[in-house]
Amino acid sequence: MSHDSLRQRHQRVLRRALLATALAFGFGFALAPFYDVLCEKVFGIRPSQVAGEVTACAGGVVAGRELLVEFDTSISPELPWRLDAAKKSVQVHPCAPSTVVFTATNDGRIAMTGRAIFTVAPSEAAIHLSKTECFCFTEQRLEAGESREMPVRFVIDDQLPADVSRLTFRYVFNPVEAPVEETDSVAPTHS
């Protein structure tokens, strides 16, 4: 291979690398507005909403409006747990902090780790909900037969659309695969 041929080949690779870099930068730059449009049109939420846009709860608790919050829980069949809310529903006022206690129980024979996925209905209520404590923030590990109370603290702001008076918090617990621990019965192979 001649020196000129090798040089042309390197220049071609360099041009392609620069083109790929420019395309990747353009894609990354266009992704944020595309994400905002997708969230607003499909899910009814505005992820780029800035704090100054809404002065939620600036007037304090809205005593003249009550919201019904219902709790729906379910557990994956692979997780031998129970999850019960102390109350199946609560009446709350916008901007008033509320707490509901859930109890998770591991009915299985071994310790297991689970993680809850949270959703709220209707979906437009999601941007008006602030959870300050929730078992859904982290993985939960329960020993065999263990029960644990897990409080959920939340506030619904006063910017919630007036036609929404009922919300449903749904929690679905799924198992988290734990790494397989080495046991003494399986000896490591050494050569």
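A salt bridge here is a side-chain nitrogen of Lys or Arg within 4 Å of a carboxyl oxygen of Asp or Glu. E133 lies in strand β6 and R153 in strand β8 (residues 147-156), so this pair ties together parts that are 20 residues apart in sequence. Strands (E, at least two residues) and helices (H or I, at least four) are DSSP runs, numbered from the N terminus. Both partners can be described by their accessibility: E133 is partly exposed, with a relative accessible area of 31%, and R153 counts as partly exposed at 33%. In these terms, buried means under 20% relative accessible area, exposed means over 50%, and partly exposed is in between (1.4 Å probe, protein chains only).

A word on the model itself. It is a predicted model, in which local features need pLDDT of at least 70 and side-chain atom pairs count only at pLDDT 80 or more, while totals for chains, interfaces and linings use all residues. Residues are numbered from 1 along each chain as its sequence is written, and side-chain values use heavy atoms, with hydrogens and water left out.

Now look at the sheet. Strands of a sheet pair through backbone hydrogen bonds, either parallel or antiparallel. Here, four strands form an open sheet in the order β2-β4-β8-β6, with antiparallel pairing; two strands pair if DSSP finds at least two bridges between them. The edges belong to β2 (81-85) and β6 (129-133), each with a single partner strand, so one side of each has no neighbour in the sheet. On average, neighbouring strands of this sheet are turned by 30° against each other, direction ignored (axes are lines fitted to C-alpha atoms, for helices over the stretch in contact, and angles run from 0 to 180 degrees between N-to-C directions).

In β2, W81, L83 and A85 make up the covered face, while R82 and D84 make up the uncovered one.

R82 also takes part in a salt bridge, meeting the side chain of D107 at 2.7 Å, N to O. This pair links distant parts of the chain, 25 residues apart: R82 is in strand β2 and D107 in the loop between β4 and β5 (112-121). R82 is partly exposed at 41% relative accessible area, and D107 is partly exposed at 45%. The whole structure holds six salt bridges, and one of the others joins R148 and E146, with the closest N and O atoms 3.2 Å apart.

Finally, turn to the cysteines. A search of the whole structure finds two disulfides, a disulfide being a pair of cysteine sulfur atoms within 2.5 Å. C57 and C95 form one, with sulfur atoms 2.1 Å apart. It links distant parts of the chain, 38 residues apart: C57 is in the loop between α1 (3-43) and β1 (67-75), and C95 is in the loop between β3 (89-92) and β4. C57 is partly exposed at 26%, whereas C95 is buried at 10%. C134 and C136 form a disulfide too, with sulfur atoms 2.3 Å apart, and both cysteines are buried.
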